[in-house]
Amino acid sequence: MQQSVSFKVYYEDTDSLGVVYYANYFKFMERGRSEFLTHQGRSVADWNADGFLLVVHSVQATFKKPAVLGDVVDIVTTFTVPSVYRGRFAQRVERAGELLVDGNVDVVCLDANQNLIEFPPQLRALAD
């Protein structure tokens, strides 16, 4: 399943050159992951309340073109589970269909004591 959410680029998102500061793309991607989960019926807060803490393990991103002040960007997210211990959100930041940033965010699942656990079946079911 693929989920898309749009955001307008505000002044606070840009650097002195008027383009989106690179670290802010990670904020956009975080929002995309949160919206992906919510769209599937359970928010991040719901997962946390049930004792499943999703935390970022690694991030890879390729920056191809910049977004600028006033642009509307789309965060396109898909989810796979490469192993029982790791989920991968493949994410693209696009502007009117043009690829700006391409990235992968690997997450792991921790229990309430912050111990690594397998992804629960309900989360694995969200994978493509």
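**View 1. The largest nonpolar core has 25 residues.** Such a core is a set of buried Ala, Val, Leu, Ile, Met, Phe, Trp, Tyr and Cys residues joined through side-chain atoms within 4.5 Å; buried means under 20% relative accessible area with a 1.4 Å probe, protein chains only. Tyr25, Ala67, Val73, Ile75 and Val93 have the most contacts inside this core. At least two residues each come from E1, helix H1 (22-39), E3, E4 and strand E5 (98-110); helices (H or I, at least four residues) and strands (E, at least two) are DSSP runs, numbered from the N terminus. This is a predicted model, in which local features need pLDDT of at least 70, side-chain atom pairs count only at pLDDT 80 or more, and totals for chains, interfaces and linings use all residues. Residues are numbered from 1 along each chain as its sequence is written, and side-chain values use heavy atoms, leaving out hydrogens and water.

**View 2. Here are the surroundings of Tyr25.** Leaving out residues up to four places away in sequence, Tyr25 touches Val20, Phe63, Lys65, Pro66, Ala67, Val93 and Val101 (heavy atoms within 4.5 Å).

**View 3. Strand E3 (residues 72-83) pairs with strand E1 (residues 2-8) in the antiparallel sense, over seven bridges.** Pairing requires at least two bridges found by DSSP. E3 also pairs with strand E4 (residues 86-95), again antiparallel, over eight bridges. Two residues lie between E3 and E4 in their hairpin, and Thr78 has Ala90 of E4 as its bridge partner.

View 4. Gln3 counts as buried because its relative accessibility is 12%. Its bridge partner in E3 is Thr77.

Technical notes:
Buried < 20%, exposed > 50% of the residue type's maximum accessible area, 1.4 Å probe, protein only.
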